[in-house]
Amino acid sequence: MFTPLYPAARTTTADAFNQPLDGSFHTSAGPFTLTAYDHDGGKATLGRNPRWWGDRAKADAIDFRAVPASGRLDALDHGDLDIAALGTTVDRATADGTDGENAAAPPDAAALAEASAQALKRAEALPGLAVHRAPAAAFTQLTLNAAKGPLTDQGVRQAVARAVDRGQVATAALGPLGVGAVPLGNHLLMAGQDGYRDNSAALGTDSPAALLDRAGWKETAGKRTKDGKPLALSLLVPDGSATARRTADALTGELAKAGFAVTLKAVPADSFVTDHLAKGDFDLALFSWPVTAYPADARPLYAKPQPGPDGLPVDGRNYAGTGTAEIDRLLDRAGAELDPVARRSLLQQADTRLWQLADVVPLYQRPDLVAVRNGVAGAGAYGFATPRYQDVGFRTT
């Protein structure tokens, strides 16, 4: 019921909560307890907790080490790590071995793809290790800014959503990683979750061309214009991500077929939200959200913006800047509903309305890539599963 559970002294004030761990923090009610902590060295050691009332931990101790993504393949190769998440390592690999965040100059798409492919090949070739794969508890989606420009028109947003071949996008993004390229058809539930259903048919059967014609965007030589202005949109992507670049290239090509002139705008990850998303400085934005086992918790991502003290709408985490009272009510009811059948019905209704609103287009679940040393049991790419650290250990045979 209570995870995580911290001593009161660690949560009394914001300053106390923000302090790093130190040697005095040994409280634990789990299978392990903190036995050593090296803040400067980036290492924490958890030893078996003799007071744990559940299954006895199989490992005597587990060392957690802070290793930058760019250094994890070397650490695995040298035997310094037995388990390492490699998603960022592969996605942001660069030819010079630095991470994509700190490269001297942003690499082009071909360089990103090649560096990522080489990093994955190296991971798969490391002796005595295996790369585990699973759909992660996170999804990549395309957010449409409904607060300005052509995308204020629901019909134009629906044309964008209809023009995107989510299967092709998923293949372009995930195929090189050796992960199943399955498009995502739900805003609230991930594939494999109880009740998952692809509701994208709620967009209807009208073609992008028909939707744009109806909205007044006329076609001339494959381009769409209205009142003399071209149907031009910017696509915001995090710089340095090979997966995001593959996704963006696929999206740009598909939207161009429908008459949209899309310009790629790659910006540093550390300013992506604060300087662009939160300020509405985009037309289309490609990024990912984490998800939980409680789909109604996604309400803040889709809640209709409410007026702030100055009377202007406050978007919160709904960067599309739109929404409806009906969707809010459905998600509120789903969050309070105890009957699982009724709850799933409410979630499906909300998702159907979200597809029709067309302010967010779900694309695919992100992949988990985790390297595990042969002989280690109980570890891997967990996806939606909760790790049982008491089951992690070395096989004896």
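Is Arg299 buried or partly exposed, and what is its relative accessibility? Arg299 counts as partly exposed, at 25% relative accessibility (buried means under 20% relative accessible area, exposed over 50%, partly exposed in between, with a 1.4 Å probe and protein chains only). Before the close-ups, a word on the model: it is predicted, so local features need pLDDT of at least 70 and side-chain atom pairs count only at pLDDT 80 or more, while totals for chains, interfaces and linings use all residues. Residues are numbered from 1 along each chain as its sequence is written, and side-chain values use heavy atoms, with hydrogens and water left out.

**View 1. The whole chain, to get your bearings.** The protein chain holds 12 helices and 16 strands (DSSP runs numbered from the N terminus, with helices being H or I of at least four residues and strands E of at least two). Its radius of gyration is 23 Å, close to the 21 Å that the globule rule gives for 397 residues, so the chain is as compact as a globular protein of that length (taken over C-alpha atoms; the rule is 2.2 Å times the number of residues to the power 0.38). The C-alpha trace spans about 70 × 50 × 40 Å along its principal axes. Of the 397 residues, 43% count as buried.

**View 2. A three-stranded open sheet.** Here you can follow three antiparallel strands in the order S1-S2-S3 (two strands pair if DSSP finds at least two bridges between them). Strand S1 (32–38) and strand S3 (61–65) stand at the edges with a single partner strand each, so one side of each has no neighbour in the sheet. Strand S2, residues 43–48, pairs with S3 over five bridges in the antiparallel sense. Look for Lys43, which stands opposite Arg65 in S3. As a reminder, strands of a sheet pair through backbone hydrogen bonds, either parallel or antiparallel.

**View 3. Asp55 meets Arg388.** A salt bridge joins Asp55 and Arg388, with the closest N and O atoms 3.0 Å apart (a side-chain nitrogen of Lys or Arg within 4 Å of a carboxyl oxygen of Asp or Glu). Asp55 lies in the loop between S2 and S3, and Arg388 in the loop between strand S15 (376–377) and strand S16 (393–394), so the pair ties together parts that are 333 residues apart in sequence. Arg388 counts as partly exposed at 38% relative accessibility. The whole structure has 19 salt bridges.

**View 4. Helix H11 and its two partners.** Asp332 and Arg299 meet through their side chains in a salt bridge of 2.6 Å, N to O. Asp332 sits in helix H11 (residues 325–336) and Arg299 in helix H10 (residues 299–302), 33 residues apart. Asp332 is partly exposed, with a relative accessible area of 40%. Also in helix H11 is Glu326, 27 residues from Arg353 in helix H12 (residues 340–357). Arg353 and Glu326 form a salt bridge, their closest N and O atoms being 2.9 Å apart. Arg353 is partly exposed at 28%, and Glu326 is partly exposed at 33%.

**View 5. Asp270 in helix H9.** Asp270 belongs to helix H9, residues 269–277. With 65% relative accessibility, Asp270 counts as exposed. Asp239 is 31 residues away along the chain, and the two C-alpha atoms are separated by 9.8 Å.
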